[in-house]
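Please look over the model shown here before reading on.

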Amino acid sequence: IKVNKSLILNKYKENKELNKRLPNYSVKMGFGLHIGWAIEGAIGSEFKIDASYLSPNVNMASRLEAATKQYGVLLLISGSLYEYFTPETQQRCRCIDYVTVKGSKQPIKFYTVDIAVSYTHLTLPTIYSVQISVVAVSLKKK
């Protein structure tokens, strides 16, 4: 949000020389959401340590993220996670496919949430309410 409103960054966006070198350049992000167990491990040295997460569930989230490009959506949610959503949150989701993902034997449903990409015309309180009510999902107790 601050990136879109920054006057300094906007100067770079409108720079003719940069636009010649990188025509129609834009940053696009996708998110894959899944639920399940994972093992966390620290990798690195005494100077730098990174966390690594291993499990089939992490792989599924990664595959969902990669598939956002194919489906042209910003967010893909697995059917497993969707089942934990409250009914109100489930109503905001749209099922877009039912597929067997590489490395999985069971087909799963893919859901997405249709949200506006450009928030530059919204006021700050409205932006937060959109993020809280649509992107931050609430889970029902089992």
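Predicted model: local features only at pLDDT ≥ 70, side-chain atom pairs only at ≥ 80, totals over all residues.

Residues are numbered from 1 along each chain as its sequence is written, and side-chain values use heavy atoms, with hydrogens and water left out.

Strands here are DSSP runs (E, at least two residues), numbered from the N terminus, and two strands pair if DSSP finds at least two bridges between them. Strand β4 (residues 75–78) runs parallel to β1 (residues 31–33), to which 3 bridges join it, and Leu-33 stands opposite Ile-77. With β6 (residues 108–113), strand β4 pairs in the antiparallel sense over 2 bridges, and Ser-78 has Phe-110 as its bridge partner. Leu-75 and Ile-77 point one way from β4, Leu-76 and Ser-78 the other way, and all are buried (under 20% relative accessible area; exposed is over 50%, partly exposed in between, with a 1.4 Å probe and protein chains only).

Thr-112 lies in β6 and is buried, at a relative accessible area of 0%. Its side chain reaches the backbone oxygen of Leu-75 at 2.6 Å.

The count of disulfides (cysteine sulfur atoms within 2.5 Å) comes to 0.

| Cysteine | Relative accessibility | Closest cysteine sulfur |
|---|---|---|
| Cys-93 | 13%, buried | Cys-95, 9.9 Å |
| Cys-95 | 42%, partly exposed | Cys-93, 9.9 Å |

For Cys-93, the sulfur of Cys-95 is too far for a bond because it lies 9.9 Å away.

Note on methods. Helix = DSSP H or I, 4+ residues; strand = E, 2+ residues; numbered from the N terminus. Polar contact = N/O pair within 3.5 Å; in protein donor to acceptor, adjacent residues only side chain to side chain.
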